[in-house]
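I opened the notebook to record how this chain is packed.

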Amino acid sequence: MGDSYLDLVNTPLPGRIAKALGLPRPSVLRRYTPGEAVAAQPVLVTGSGAGAEALADVLLGWDVEVRRHVLPGEKLGAAVVVLDRAASPEDLAAPMLELGQAVRLLVPGGRVVGLLRSSADTADPAEAAARQGIDGALRSMAHELRGGATANGIVLRGNATTTDPTTLGALRFLLSGRSAYVDGQFIEVTSTPAGGVAGAAARPAAEGTPDRPLAGRTAVVTGAARGIGAKIAEVLARDGARVVAVDVPAAGEQLARVANTVGGTALQLDITAPDAATRILDHVGQRYGVLDIVVHNAGITRDKLLANMDAARWDSVIAVNIASQLHMNERLLASPVFSDTGRIISLASTSGIAGNRGQSNYAASKAGVIGMVRAQAAAFDDGGRTINAVAPGFIETDMTAKIPPLTRQVARRLSSLQQGGLPVDVAETVAFLASDAAAGVNGQVLRVCGQNLVGA
Ligand code: NAI
C-alpha cells in the first residue's frame, strides 16, 4: 500500500537522478505530532490594516516569532498574508509580489495562508474582482510550491474578523501538520457569537486543550473497522473523544480491535438497516447521555460504466453512501441525545465534485452528500450545530491499492504534492471540523486531495 517511489526519491542518489531527469520529486510531508509548536521557524505576517496588526499580536501570544517584513536570508516557517482590505485588482500587486519573495524563504513543509473577504459579500464589481483574484493567485501559488509546502486561504464571511475564534482555529489548523494534505483550499468562516463558540450557552465549557480539543465529547464513526474510518476513530480518541466505532457484523473482529485500540466501544450494525439510527442513539444515550459528533464515513464503490450499470450496483451505493445518512440525520435531529452543539461530518469525494469514469453511481452519492450538507447547514445557521463534508482525493488505502499499478502511479503524481494522502490526513481534517475551533465553519466541503488536478 506504500508509495515506494516517494521513499526512493527521498534518498540521496535516486533523488539526484530524479532531479536530473526532471521526474516528480514528492517530499515527505510534515504531519502533526501532539505538542508540536504552531511554527518552529519565524512566521511572516504581511498586510497593512488593523486586521493584520491584530493577527500578528495573536500569533505573538502563540509563542510564534512574528516578522512583519522579510529579513534577508532568514528562513520562514510560514507566510500569512492578510488581504482583507483589497478593494480593486490593482491592490493585489504589492502584497502578492512581497509574498513571492517570502515563499523563496519557506522551509520544507512550510505554509502560506491568505486571509481574504468573500466576493459574494460585496456588490462592488472592482472589490469582488480583487477578492476573487486573491483566490486565483493563491491557488496558482499552491501549484508552484515544492518541498511539501502548501498554500490555502481563509475566507472571512459577513462581519468575521481576522481574530475571531473560528478564524484563529482555521489558521492554527492550516499552519499545523494536521493539514499536511490540504492544499489550494479555502475555508469560509463566519463570526461566532460573543467572541466565543457558537451555542456556548448550551455546551459546557470545552474541557479541551490545543492537544486534546475533543476532551469530554462523544463521537460515532461509521465504517470504523478499517481504512479511513479506523484512522478517524484513532485521531478523535487521541484528541480526547470517547469513540463509538460502527461497522457491519461481518467486520466484527476488526471493529472490536479498533474499539479496543481507541478505548471506545464497538457497535455492529448495517447503517442501511431501518433501525440503525435508533440503535446508535440508544447505545450512546445509555452509555454517555449525549452524542456530540457523528462522522458518516462508511462508503462503498460498485464501479461500472453507466452503459453497463445494473440496478443492484446503483441502488446499493446510493443506499449506503447517501440515503442512510439522510435517514440518520433526520433521526439525530429529532433526538434529545444529539447535542445542541453537535457536529456532523460526512465523507464526500473528489469524484462527487469532478465526476469519474465508471463511477456515475458513486459520484451521484458523493455529490449528493455535498448537496445534503449545504441544505442542512442553512437550517443549522445561527444555531450551535454544524455540518460539513470532507472530500478526499487519492488516499492510500485498501481501496486504492486495488487500482492497477501504472494508473495508481499516475493518480498519485497528479496532485501538487505529487503523492497520495494517508488516512490520517483525512482524519485530521475531520477532527478539526469536529472541534470547537471550527464552530463558525458550516456547510463547507473541505478537500483533502493535495490539490489534485482532477476536480480542481
Ligand atoms: P473502506 O472500504 O476501506 O472502508 C469502508 C468501511 O465501511 C468498511 O469497514 C466497511 O465494512 C464499512 N461499511 C460499508 N458498508 C457499510 C454499511 N452498510 N454499514 C456499516 N458499515 C459499512 O473505505 P475507505 O477507503 O476507508 O473509505 C472511507 C470513506 O472515504 C468512504 O466513504 C469513501 O467513499 C471515502 N473516500 C475514500 C477515498 C480513498 O481514496 N480511499 C477517496 C474519496 C473518498
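I count as a nonpolar core a set of buried Ala, Val, Leu, Ile, Met, Phe, Trp, Tyr and Cys residues joined through side-chain atoms within 4.5 Å. Buried means under 20% relative accessible area, exposed means over 50%, and partly exposed lies in between (1.4 Å probe, protein chains only).

This is a predicted model, so I note its terms: local features need pLDDT of at least 70, side-chain atom pairs count only at pLDDT 80 or more, and totals for chains, interfaces and linings use all residues. Residues are numbered from 1 along each chain as its sequence is written, and side-chain values use heavy atoms, with hydrogens and water left out.

**Cores**

I looked up the largest nonpolar core and found 70 residues in it. The members that touch the most other members are L59, V80, I154, L171, I187, I232 and L236. Helix α15 (residues 423-434) gives the most to this core, with 8 residues. My helices (H or I, at least four residues) and strands (E, at least two) are DSSP runs, numbered from the N terminus. The core draws at least three residues from each of domain 1 (37-195) and domain 2 (218-448). In soluble globular proteins, nonpolar side chains tend to be buried together.

I then picked V80 and listed its partners. Contact here means heavy atoms within 4.5 Å. Leaving out residues up to four places away in sequence, V80 touches V43, L44, V45, T46, L55, V113, L115, L171 and L175. A second, separate core has 35 residues, including I300, F338, Y362 and A391.

**Domains**

How is the chain divided? I have domain 1 at 37-195 and domain 2 at 218-448. The bounds come from an automatic or database domain assignment. The C-alpha centres of the two domains lie 29 Å apart. Across the boundary, 23 residues of domain 1 are in contact with 25 residues of domain 2.

**Helix pairs**

For axes I use lines fitted to C-alpha atoms, for helices over the stretch in contact, with angles from 0 to 180 degrees between N-to-C directions. Angles under 35 degrees count as roughly parallel, over 145 as roughly antiparallel, 65 to 115 as roughly perpendicular, and the rest as oblique. A crossing is left-handed if the near helix is turned anticlockwise from the far one by less than a right angle, and right-handed if clockwise.

I began with helix α6 (residues 165-175) against α15. They pack at an angle of about 165°, with axes 11 Å apart. α6 and α15 are therefore roughly antiparallel. Their crossing is right-handed. G169, A170 and F173 of α6 make the contact with E428, T429 and F432 of α15.

Next I took helix α7 (residues 227-238) against α15. The angle is about 50° and the axes are 8 Å apart. That makes α7 and α15 oblique to each other. This crossing is right-handed. On the α7 side I list G227, I228, K231, I232, V235, L236 and R238. They meet P423, V424, V426, A427, E428, V430 and A431 in α15.

I logged a right-handed crossing for α9 and α10. A276, A277, T278, I280 and L281 of α9 contact M328, R331 and L332 of α10.

**Two strand residues**

Is V220 buried or exposed? V220 counts as buried because its relative accessibility is 0%. I place V220 in strand β7 (residues 218-222). Not counting residues up to four places away in sequence, V220 touches V244, V246, I280, V284, L291, I293, V294 and V295.

A266 is in strand β9 (residues 265-268). At 34% relative accessibility, A266 counts as partly exposed. Leaving aside neighbours within four places in sequence, A266 contacts A245, L255, A256, A259 and H283.

**Positive phi**

D63 has phi near 65°. D63 lies in the loop between α3 (50-61) and β2 (66-67). With 72% relative accessibility, D63 counts as exposed.

Q418 has a positive phi of about 55°. I find Q418 in the loop between α14 (405-413) and α15. Q418 is buried, with a relative accessible area of 13%.
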